[in-house]
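Student: Hey, I've got this one open on my screen. Can we walk through it together?
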Amino acid sequence: KNINKKKLPPGEMGLPWIGETLAFYRAQRKNQLFEEFVQPRITKHGNIFKTRLMGSPTVVVNGAAANRFFLSNEFKLVVSSWPSASVQLMGMNSIMEKQGDQHRCLRGVVATSLSTAGLEDLVPKICNSVKLHFDRHWQGQDTINLFRSTKILTFSIVFECLMGIEVEPGMLEMFEGVLEGVFAPPIKLPGSRFWRAKKARLEIEKMLVNVVRKKRKEVEGRLEGEEGMLLSRLVAALVRGEISEEEVVDNVVLLVFAAHDTTSFAIAMVCKMLAHHPNCYSRLLQEHVEIKDSKRPGENLTLEDTKKMKYTWQVARESMRLFPPIFGSFRKAIVNIEYEGFTIPKGWKVLWTTYGTHYDTQYFPDPMSFEPSRFEENIPPYAFVPFGGGPRICAGYQLAKLNIIIFLHFMVTCYDWSLIYPNEPITMDPLPFPFHGMPIKMSPKLL
Ligand code: HEM
């Protein structure tokens, strides 16, 4: 209560409640949130400024030092803070709402599924999913909506390869029904986005509770110590009494949400960059042809093979630097925070951004040019943060990486392709997506 006003960061709070929300939304709709909202305020006030968004006084922080400070002090100074609609739709028990020991327990379950042994099993599974996807959706077509295609694929990879739940017809649509409401105003009027999403969530709950109970019987009948995929591990924790049935359900929903638009957008942007940079494309193609030539026909890739996709991962990281799938995310101060001579009062929100460092000339000279070779050098910690950092760093980073590079392996070695709209605009709703869904022309490759 006794905060010295002079020590608040500079910036405009605007009108009561509404603050600068409209300007924020306007910029977001054009996918110009950084250029039109953040950058001009950095120029005027510096890297740390205050504003008011959706009723909350908020401090926007930019730069590697700020990322380090706020991301690594999760649980001590700040906690993640999602809009009410997201929390209602993902559930109160998802990992993003958990702190301390409960958070550690859930992360542990995800992490063991993505440990080295887990990844070794995942690689052939992902390969099979990609091949099956091409057989079902690409074969015999000469054009395809790439963004849609990668969403269908990512969904089946998360469900079948990571969790071990078979995808049934209609499931993807049900989940997308929920995702559409995640950032909508939480208005429960019939017909509103949020209302429709709530209905979809109830349907999913019904479906997942059955899946979880079936899995529970299986897990209980198994020998102790026998491990399985992520769902089995979550259910095993349920059987041991460490987590509840609601926690299992909420975390399955959360994992789909976390993986879905992010991975698909990352793949779409890599393809856009490859289409615009033919030299990078030939170098990437060569990497994959060499790997393919080292295998017998039909032999699956191994984790070792994916480690050889070094240039591909540079291309993917450079694409995520320029087009991060996540703009940043909100935290809430749980104490009064002193930072860089300013006070951030307890209860205020903090918005850290990926863009605030990704275009910083100190770390990325000539930041607007596409140069995958930047990633040959080590990038200083917290300067490149598409996956966040600290205790809440992306739990699915390894899966995202494998999904992206294995998809590219099969796409570039099996197909010739080109963008139908090379300069297709990117919009946001509120996550970024290519306006036309990135249609491509493609034909099977005659290698
Ligand atoms: C290119 C793809 C992806 C990107 C760019 C991405 C980015 C991020 C970022 C920035 C965060 C941190 C959010 C914060 O600090 O508030 C995060 C958290 C998370 N991500 Fe990802 N993600 C991707 C794919 C995935 C996948 C495939 C999964 C899992 C299947 C996943 C699961 C998670 C989970 C569970 C968290 C929450 C971690 C926690 O709260 O402890 N993500 N992701």
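Predicted model: local features only at pLDDT ≥ 70, side-chain atom pairs only at ≥ 80, totals over all residues.

Student: OK, how many bridges join β3 to strand β5?

Tutor: Three, and β3 and β5 (residues 328-333) run antiparallel.

Student: What's the strand order in that open sheet?

Tutor: Going across, you get β1-β2-β8-β5-β3, five strands with mixed pairing. At the edges stand β1 (48-53) and β3 (78-80); each has a single partner strand, so one side of each has no neighbour in the sheet. On average, neighbouring strands are turned by 35 degrees against each other, ignoring direction.

Student: Which helix lies across β1, β2, β3, β5 and β8?

Tutor: That's α3, residues 64-72, and it runs at about 130 degrees to β8 (349-353).

Student: Switching topic: which residues come nearest to the ligand?

Tutor: Of the 25 residues around it, Ala259, Ser329, Gly388, Cys394 and Gly396 come nearest. Elements giving two or more residues to that shell are α5 (100-113), α7 (146-163), α11 (245-276) and α16 (397-414). The largest share, six residues, is from α11.

Student: Where is Cys394?

Tutor: Look in the loop between α15 (355-358) and α16. An unreviewed UniProt entry lists Cys394 under "binding site".

Student: Why does Cys394 count as partly exposed?

Tutor: Because Cys394 has 17 C-beta neighbours inside 10 Å, and partly exposed falls between 12 or fewer (exposed) and 20 or more (buried).

How values were computed. Residues numbered from 1 in each chain as written. Near = placed C-beta within 6 Å. Helix = DSSP H or I, 4+ residues; strand = E, 2+ residues; numbered from the N terminus. UniProt positions renumbered as here; feature names shortened; annotations may be inferred. Pairing = 2+ DSSP bridges. Axes fitted to C-alpha atoms, helices over the stretch in contact; angles between N-to-C directions. Contact = placed C-beta atoms within 7 Å.
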